[in-house]
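I opened this entry to record what I looked up, item by item. The model comes first, and my notes follow it.

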Amino acid sequence: MTTALIIGDLQRGITGNYPFAKQVLPPLTDLLPRARAAGALVVFVHFALRGNGADLPPGNALFESFHEAGDTFHEGSAGTEIALPVADEDVVVVKRRASAFAGTDLDLVLRARGVDTVVIAGVATSAMVAATGYDAADRGYHVTVLRDGCADGDTAIHDFFVDAVFPSRGFEVVSCADWGSS
């Protein structure tokens, strides 16, 4: 099996403005060297919208609120910089929707590297993690979610996804410390 660790939306504008997002940084910071040493492809996915709004879905209040947040989500701004250490061998992907696959070249990169298993972390559990997990499963990847490597603004929603929804979809759910040790 060839594995990719996909870490989504852990960028300065999110970790600086949404306290729940900060809690996943320590376990992921500890995991990164171990994942790289194990040969996993590390992929950072960050969310950015064009400043001119060309990529906004019409009439979508959620995306309009992201766009109105300015530097938090505008492409090229400090808010979209990744909040974890990126190594030269890592891959960085810009996304404009919830799923790391939607409108990006992520699938092409993973297939070029022979990846068949994705390990997903990031925020929010009910958005980026769920959307990316479903998309990955639909594309034939084996999916693992890192329980303490993702978070949501509402801990009950996070717990519901990692304890009920993801396992019911066939996703493995493990902690950052336990990943790769089984």
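**Cysteines**

I looked up Cys176 and found that it counts as buried, at 3% relative accessibility. Buried here means under 20% relative accessible area, exposed means over 50%, and partly exposed lies in between (1.4 Å probe, protein chains only). Before going on I noted that this is a predicted model, in which local features need pLDDT of at least 70 and side-chain atom pairs count only at pLDDT 80 or more, while totals for chains, interfaces and linings use all residues. I also noted that residues are numbered from 1 along each chain as its sequence is written, and that side-chain values use heavy atoms, with hydrogens and water left out.

Which cysteine sulfur is closest to that of Cys176? I found Cys150, at 8.4 Å, which is too far for a bond. Cys150 is buried as well, with a relative accessible area of 2%. I recorded zero disulfides for the structure, a disulfide being a pair of cysteine sulfur atoms within 2.5 Å.

**Helix 7**

Next I took helix 7, residues 155–168. Helices (H or I, at least four residues) and strands (E, at least two) are DSSP runs, numbered from the N terminus. Helix 7 has 14 residues and spans 19 Å from first C-alpha to last, close to the expected 20 Å; the expected span is 1.5 Å times one less than the number of residues.

Where does helix 7 bend? I found a bend of about 40° at Phe161, taken as the angle between axes fitted to the seven residues ending there and the seven starting there. Phe161 is also one of the buried residues of helix 7, with His158, Val162, Val165 and Phe166. These buried residues pack against helix 6 (125–138), strand 5 (142–151) and strand 6 (172–174), contact meaning heavy atoms within 4.5 Å.

At the N-terminal end I noted Asp154 as the cap, with a side-chain oxygen 2.8 Å from the backbone nitrogen of Ala156. Just after the helix, Gly170 has a positive phi of about 85°.

**Helix 3**

I then looked at helix 3, residues 25–37, which has 13 residues and reaches 19 Å, close to the 18 Å expected. Helix 3 bends by about 30° at Leu31, and Pro33 follows within four residues. Leu31 is on the list of buried residues, along with Leu25, Pro27, Leu28, Leu32 and Ala35. Among the elements covering them are strand 1 (3–8), helix 1 (12–17) and strand 4 (117–123). After helix 3 comes Gly39, with a positive phi near 90°.

In strand 4 I checked Val118, which is buried with a relative accessible area of 0%. Val118 and Thr3 are 115 residues apart in sequence, yet their C-alphas are 5.7 Å apart.

**Ser99**

My last item was Ser99, in the loop between strand 3 (91–95) and helix 5 (106–112). Ser99 is buried, at 7% relative accessible area. Not counting residues up to four places away in sequence, Ser99 touches Ala131, Thr132 and Asp135.

Terms used:
A polar contact is a pair of N or O atoms within 3.5 Å; within protein, one must be able to donate a hydrogen and the other to accept it, and residues adjacent in sequence count only if both atoms are side-chain atoms.
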